[in-house]
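Please look over the sequence and the structure shown here before reading on. The report that follows takes up how some of the parts are arranged.

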Amino acid sequence: MWFLDFFSNIFEHFSDPKKRIFLGYIFISIGIAFFWLILQKKLSLRQAFWKIFDKKVFFSKSSKSDYSVFIINRIFTLFISPLLLTQMAIATIIFHLLHKIDLFNASVFSNFSKVWIVLLFTVFVFILDDITKYFVHRWMHKWPILWSLHKVHHSATKLTPLTIYRTHPLEGIVFSLRGAFTQGTSISIFVYLFGNSVDLITILGVNIIVFTFNIAGSNLRHSHIGIRYWTWLEYIFISPAQHQLHHSIAEAHHNKNFGASLALWDWLFGSLHHSTEIESLTLGVDGSENERSHSLHTLYIKPLGEIIFYSVEKLKILKISICQFGIRIQNKFYALVKQ
Ligand SMILES: [Zn+2]
Ligand SMILES: [Zn+2]
C-alpha cells in the first residue's frame, strides 16, 4: 500500500499548514505578489496576472525538473524517514544527559509563570531552528562534499515555490537530522529547566512565528517576483529578492544571504547582501545551462559521483600524510638507535 502513502504524502504538502507550500500560504503569496506589482511596479491588474502566472517560468525546463524532483523525493521520504532518529529519541537522550550532568537542579525555573515559559519556548525554538538552518546552509556552500549536494538546489534557473523541494535526497537527510536535533534539544532543555508547563504558541498547529513568516509570503523567495524590503528591514528579515540574489551566478553574490527567515545571522557573520532588482540577475550555478543541466542524472547521480571523487582525493591526502608521519617516526627511531 506504499502508493497510498505516497499520494497522501503529496496531498499533505498542500493541505498541511506545517508545510511551506500549504495552499493557504500559496494563495496569500499570490495576493501579496498582486499588491507589489500593482502598487509598487505600477502594473495593471491584467499585466500583474500575466507576470505572476508567467508561462516562461512555470513551463521552463528548470521548473519541470522541480516538479519531477518533488514527486521523486516523496518516494525517497517514504523509505528514508522511518530510518531517521526522531526528535523524541534525541530529546530523551539529551534529557537524561542533563539529569546526569545536573548542572542546575531539574525544574529549577518551574515556578515561572506559564505565560512566560510558553512565550520563551516559542521564541527559543524559532531562533534555534533559524540559526542552525543558517549554519548548515553556510556549510553546504563551503564544504565541497556538501556543495555537490546543495548544487542541485542552485541548478534551478527559474524559481517557483516548488524549488524549495529541489534538493538531493541526501541533503534532505542532513536537514531532517538538523530539524530533529534542534527540536529535540529545545524540548529537552526546556522540560529539564521549566518542568511540564512547556508548550508552544501555535496557529493551526504551527509555531506562531513560523506561521507569521509563511503568511508574510515566504513562498515568494522562490519565485520571479522580486519583492524588496526597506534597507533597514533587510538587516533583520530576508526579503524574497535577497534569497533570489542568493541564487544569482554573479561573483559578488556568491556565499551571500544564507538566512532562512532572519537576515540577522547574515548581518552578524558577514554574509549579508541587500537586494537588487531581480531582472538584473542570472540564476543558476555558473551560467552554463544546457540540455543536461536539469536531467535526473545530473540532479541525482552526478552529485554522488562527485562525493566519491572528493572522498577518494581526501583518502589519498590522508594516506600520504600517514606515510610521511611514519617515515618521520622511523627516522627519529634510527637517530636514537645510532646514538
Ligand atoms: Zn544555497
Ligand atoms: Zn533557494
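## Helices H7 and H9

In this predicted model, the axes of helix H7 (residues 114-142) and helix H9 (residues 169-194) come within 10 Å and cross at roughly 150 degrees, where helices are DSSP runs of H or I with at least four residues, numbered from the N terminus, and where axes are lines fitted to C-alpha atoms over the stretch in contact, with angles running from 0 to 180 degrees between N-to-C directions. H7 and H9 are therefore roughly antiparallel to each other, a term for angles over 145 degrees. Their crossing is right-handed, that is, the near helix is turned clockwise from the far one by less than a right angle.

On the H7 side, the residues that meet H9 include Phe 121, Phe 124, Leu 128 and Asp 129, while those of H9 include Phe 175, Arg 178, Thr 182 and Phe 190; a contact requires C-beta atoms, placed from the backbone, within 7 Å. By class, this contact has 10 nonpolar, 4 polar and 2 charged residues, with Ala, Val, Leu, Ile, Met, Phe, Trp, Tyr, Cys and Pro counted as nonpolar, Asp, Glu, Lys and Arg as charged, and the others, Gly among them, as polar.

## Helices H2 and H3

Helix H2 (residues 23-40) packs with helix H3 (residues 45-52) at an angle of about 130 degrees, their axes being 9 Å apart. H2 passes H3 in a right-handed crossing.

Ile 30, Ala 33, Phe 34, Leu 37 and Ile 38 of H2 meet Leu 45, Ala 48, Lys 51 and Ile 52 of H3. Sorted by class, the contact has 8 nonpolar residues, no polar ones and 1 charged.

## Lys 19

Lys 19 lies in the loop between helix H1 (2-15) and H2. Lys 19 counts as partly exposed because it has 16 C-beta neighbours inside 10 Å, buried meaning 20 or more such neighbours, exposed 12 or fewer, and partly exposed in between. Leaving aside residues up to four places away in sequence, Lys 19 touches Glu 12 and His 13. The C-alpha atoms of Lys 19 and Asn 214 are separated by 9.5 Å, although the two residues are 195 apart along the chain.

## The chain and its numbering

Buried residues make up 30% of the 339 residues in the chain.

Residues are numbered from 1 along each chain as its sequence is written. Local features need pLDDT of at least 70, and side-chain atom pairs count only at pLDDT 80 or more, whereas totals for chains, interfaces and linings use all residues.

Technical notes
Chains lettered and ligands numbered in written order. Helix = DSSP H or I, 4+ residues; strand = E, 2+ residues; numbered from the N terminus. Parallel < 35°, antiparallel > 145°, perpendicular 65-115°, else oblique. Contact = placed C-beta atoms within 7 Å.
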